[in-house]
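Please keep the view at hand while reading the points.

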Amino acid sequence: MSINYDIENIFAKILRGEVPCDKVYEDEHVLAFNDIAPHAPTHILVIPKGKYISADDFSINASAEEVTAFFRALGQIIKDHHLAQKGYRLIANTGEHGGQEVPHFHMHILAGEKIGPLRVKS
Ligand code: 5GP
């Protein structure tokens, strides 16, 4: 567990079963559920069960088994929801500049319509 990990963040509460979620996938290392405020017809959040804050924290500090499980789960969810043919967007907001609200590493899967261009600086 990262020294700065906030055990009271909302995804930690979901993992402990203290807050409900609309689960779409679960295995030993991974949980996925629908976003409570979807930005697309399909908006799924995929999180590791381990206490990792960010993509860099996860990729550096998680075990090979956890990293493999996370990306396998991502692929399985995309397959189960038939998202590959039309396409989808993966987003991992990180930190202040990345606009991360929940400090537990998560990947957004957005799909079901054209997601639109990435916002770039004008
Ligand atoms: P971030 O901005 O950290 O990348 O995204 C956090 C996401 O978590 C947001 O899209 C937000 O709607 C979602 N979220 C926040 N609280 C909850 C919750 O209690 N349940 C679910 N399912 N999603 C949540």
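1. One of its oxygen atoms is 2.9 Å from a polar backbone atom of Val 102. Glu 101 also has a polar backbone atom, 2.6 Å from an oxygen atom of the ligand.

2. The protein covers 86% of the 520 Å² of accessible area that the ligand has on its own (Shrake-Rupley method, 1.4 Å probe).

3. Around the ligand are 16 residues (each with a heavy atom within 4 Å of it). The closest are Asp 35, Asn 93, Glu 101, His 106 and His 108. Helix α1 gives the largest share of this shell, 3 residues.

4. A word on method. This is a predicted model: local features need pLDDT of at least 70, side-chain atom pairs count only at pLDDT 80 or more, and totals for chains, interfaces and linings use all residues. Residues are numbered from 1 along each chain as its sequence is written, and side-chain values use heavy atoms, without hydrogens or water.

5. Now the rings. There are 6 aromatic pairs (Phe, Tyr or six-membered Trp rings with centres within 6.5 Å; planes under 30 degrees apart are stacked, over 60 edge-to-face, the rest tilted). Phe 11 and Phe 33 are edge-to-face, because their planes meet at 75°, with centres 5.4 Å apart. Phe 11 is in helix α1 and Phe 33 in strand β2, 22 residues apart (DSSP runs, numbered from the N terminus: helices H or I of at least four residues, strands E of at least two).

6. Ring pairs also join Tyr 52, Phe 58, Phe 70, Phe 71 and Phe 105 into a cluster.

Terms used: A polar contact is a pair of N or O atoms within 3.5 Å; within protein, one must be able to donate a hydrogen and the other to accept it, and residues adjacent in sequence count only if both atoms are side-chain atoms.
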